[in-house]
Amino acid sequence: MAKIRVLVGTRKGAFVLTADGRREHWDVHGPLFGGWEIYHLKGSPSHPDRLYASQGTSWFGQVIQRSDDGGATWEAVGNRFVYDGVAGTHQWYDGTPHPWEFARVWHLEPSATDPDTVYAGVEDAALFRSTDGGQTWHEMPGLRRHESAPSWQPGAGGMCLHTILLDPNDTGRMVVAISSAGSFRTDDAGATWRPINRGLRSEQLPNPTAEVGHCVHRLAMHRSRPDVLFMQKHWDVMRSDDGGESWREVSGDLPSDFGFPIDVHAHEPDTIYVVPIKSDSEHYPPEGKLRVYRSRTGGGEWEALTRGLPQRDCYVNVLRDAMAVDSLDACGVYFGTTGGQVYASRDAGDSWAPIVRDLPPVLSVEVQTLA
Amino acid sequence: MIRVVLPPHLRKLAQVDREVKLDVAGPVTQRAILDALEAAYPMLRGTIRDHVTHRRRPFVRFFACEQDLSHEADDAPLPDAVANGAEPFLVVGAMAGG
């Protein structure tokens, strides 16, 4: 029987949650790296017991951990993230130039085929790659050398590169997203990049349709259809059918189109999930009701999924990297909250139950479906 | 033999007990101790001082002999009691919320 492994990063450590394919009874392993912030953990698709974790604190900086046994044991690997060449400047909150400074790794994206190759999205925004299992890291500097980079500005949470999508059909194509510069795409394996933000509209910008400067919160893609991209922007849920060349809004009848995560059903490329949040300052669900919204039409028309989720007095948030799906026949959907709950649905979102309720604030959730 | 006490998070990271013992060649300075520490425990690189500039991380402090040595020059000699192993060199995570 298949096994499910849920990798949870929190403000105070990591947790590994496991269950068999019935997904009824869960074992909770952790906290790992107790007291450290774990921004993200993710497993190699080709060697699922190879896991990478981003560990850090304000005191002792960034550490990268690697496991080769599915999280039972870990080894600290390389943590030297140095920008290529002269780091240069981006724009600070007050409009002045500010030197690029490494703060942390927000997201780790292992290669689909090589367990030793892994990409890291970092703050201040840049893309790094390791080809030796995390021992050494090198910036892919083409992104930060884009002519717009000196104008990029941090969002409230810092200037982070938080999304890395690797095209399954074209090894030269990658899409990344930066808060708050927007989305960028390379078609030549990272040598050159260009913004792909046409169609986005952000009223917070002096030019709402500017080429860069949009606060993209998350991108999602289904492996069978890499030209179709979904986006949860600061405000607005967006869709592109041409690899990001153009975007159209698909917020439709959502109660709020503000939010952080967005994900796609494992087997239905037009079924997508978001968690509406009341506003960009309140950061909790509308009406105190925690609702996942599902669209089976690739956006536009949405249904509230509420069964098993708190429908009163709930004021948690769901962060951008804290939703994932498994690939069992009945697709499982998982998300974690800033209140420390990790919810799972065994029926594609129709009903939900907590796996755990009282973890530290959840920063990230990833799911592995193991044979 | 130089004695170094690490804060709990770094002890766990380095997989060591309370005190680390190091051989330091030449004058015993902060730089010499940290060079020896990072050579013996590579996983500590970048956690106490910056990889490139070697500047102490802001929330890390260095104490010894009931003195705060955090602002001493990297190459300033440390007290004899540290150099001869009578007193440990303490790497301390600054007290702060979180």
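View 1. Helices (H or I, at least four residues) and strands (E, at least two) are DSSP runs, numbered from the N terminus. Please keep in mind that this is a predicted model, in which local features need pLDDT of at least 70 and side-chain atom pairs count only at pLDDT 80 or more, while totals for chains, interfaces and linings use all residues. Residues are numbered from 1 along each chain as its sequence is written, and chains are lettered from A and ligands numbered from 1 in the order in which they are written.

**View 2. Five strands of chain B form an open sheet.** Read across the sheet, the strand order is 2-1-5-3-4, with mixed pairing. Strand 2 (19-22) and strand 4 (67-68) of chain B are the edge strands, each pairing on one side only. Strands count as paired if DSSP finds at least two bridges between them. Strand 3 (residues 60-64) and strand 4 of chain B run antiparallel and are joined by two bridges; look for B:F63, whose bridge partner in strand 4 is B:D68.

**View 3. Chain B meets chain A.** Here 14 residues of chain B are in contact with 13 residues of chain A, where contact means that C-beta atoms, placed from the backbone, lie within 7 Å. Helix 1 (residues 8-14) of chain B gives the largest share of the side of chain B that touches chain A, three residues.

**View 4. Strand 14 of chain A is largely enclosed.** Why is strand 14 (residues 160-166) of chain A described as largely enclosed by the rest of the structure? Because seven of its seven residues are buried. A residue is buried if 20 or more other C-beta atoms lie within 10 Å of its own, exposed if 12 or fewer, and partly exposed in between, with C-beta atoms placed from the backbone. Strand 14 pairs with strand 15 (residues 174-179) of chain A in the antiparallel sense over six bridges. One place to look is A:L165, whose bridge partner in strand 15 is A:V175.

**View 5. A:D68 sits in a loop of chain A.** This loop lies between strand 6 (61-67) and strand 7 (75-76) of chain A. A:D68 has 16 other C-beta atoms within 10 Å, so A:D68 is partly exposed. Not counting residues up to four places away in sequence, A:D68 touches A:D49 and A:R50. From A:D68 to A:I164 is 23 Å in space, C-alpha to C-alpha, and 96 residues in sequence.

**View 6. A:Y334 belongs to the largest nonpolar core.** A nonpolar core is a set of buried Ala, Val, Leu, Ile, Met, Phe, Trp, Tyr and Cys residues joined through C-beta atoms within 7 Å. The largest one has 133 residues, of which A:Y334 and A:V342 touch the most other members. Leaving aside neighbours within four places in sequence, the contacts of A:Y334 include A:V6, A:M323 and A:V365. Around this view, chain A has zero helices and 30 strands.

Conventions. Contact = placed C-beta atoms within 7 Å.
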